[in-house]
Amino acid sequence: MLQHTLAEQLRFNAASFPARPALEVAGGPGLTYAEALDRTLVLATAIRERTDGSPAAILHRNSPDAALAFLACQLAGVPAVPVNNVLTPVEMDYLLDDSSAGVLLHGPEFTDLIPALSPARKPVTVCSAGLGARAEPWESFTGSDPAAPFIIGYTSGTTGFPKGA
């Protein structure tokens, strides 16, 4: 049985090894554990302020924010719904509707795609690049249950529409 969540593990590592590399990016700057925790708090604050408790969809290319968004969802107490960036807008609409995503956290490279999306329930869209540094302190977040749903992954839909699992 899990004793703590991945987000809590990041906090433990940031307290114990703040200057050690947490995420390394090929050809770009990485993040230390302290920086990764700070960024996770920024993302979690943005999600919590904009969600009604429904899942948060994540539309990012591989990046530190893509990885940390999952921990931010866990910290904010909502399941993460990864959105494959090669899906068509119609396929993304289906996924957003089926998951009942209340927030769509996206990278700046997808800003021009957002107007093409038209799910029945329009989630609040948030570009992670524009969030700045405003973050609530760790203590303001309610601890997540390690057994609670963390990610709603969608199947490929080879025999019909994708299904959340």
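Student: Which way does helix 1 cross helix 2, left-handed or right-handed?

Tutor: In this predicted model, the crossing of helix 1 past helix 2 is left-handed.

Student: And how do I describe the packing of such a pair?

Tutor: The general idea is that a packed pair of helices is described by the angle between the two axes and by the distance between them. Here, helix 1 covers residues 6-16 and helix 2 covers residues 33-50. Their axes lie 8 Å apart, at an angle of about 140°. That angle makes helix 1 oblique to helix 2, because only angles over 145 degrees count as roughly antiparallel.

Student: Which residues make the contact between helix 1 and helix 2?

Tutor: From helix 1, look at Leu10, Arg11, Asn13 and Ala14. Their partners in helix 2 are Tyr33, Ala34, Ala36, Leu37 and Thr40. Sorted by class, this contact has six nonpolar residues, two polar ones and one charged.

Student: Which residues of helix 2 and helix 3 meet?

Tutor: On the helix 2 side they are Ala36, Arg39, Thr40, Leu41, Leu43, Ala44, Ile47 and Arg48. Helix 3 brings Asp65, Leu68, Ala69, Leu71, Ala72, Cys73, Leu75 and Ala76. The classes in this contact are twelve nonpolar, one polar and three charged.

Student: Now for the pockets. How is empty space found?

Tutor: Rolling a probe the size of a water molecule over the atoms shows where empty space is left. In this model, the largest pocket has a volume of about 260 Å³.

Student: How many residues line the largest pocket, and which lie nearest its centre?

Tutor: The lining has 13 residues, and those nearest the centre are Leu87, Glu91, Thr155, Ser156 and Pro162. Helix 4 (residues 89-99) gives the largest share, four residues. By class, the lining is made of nine nonpolar, three polar and one charged residues.

Student: What is the volume of the second largest pocket, and what lines that pocket?

Tutor: The second largest pocket has a volume of about 210 Å³. Its lining has 15 residues, with Thr5, Gln74, Asp145, Ala148 and Phe150 nearest the centre. Nine residues of this lining are nonpolar, five are polar and one is charged.

Terms used:
Residues numbered from 1 in each chain as written. Predicted model: local features only at pLDDT ≥ 70, side-chain atom pairs only at ≥ 80, totals over all residues. Heavy atoms only, no water. Axes fitted to C-alpha atoms, helices over the stretch in contact; angles between N-to-C directions. Helix = DSSP H or I, 4+ residues; strand = E, 2+ residues; numbered from the N terminus. Parallel < 35°, antiparallel > 145°, perpendicular 65-115°, else oblique. Left-handed = near helix turned anticlockwise from the far one by under 90°. Contact = heavy atoms within 4.5 Å. Nonpolar A, V, L, I, M, F, W, Y, C, P; charged D, E, K, R; others polar. 1 Å grid on protein atoms, 1.4 Å probe; cavity = no way out; pocket = protein on both sides within 12 Å on 5 of 7 lines; lining within 4 Å. Points joined across faces, edges and corners; volume = space filled by probe spheres on them.
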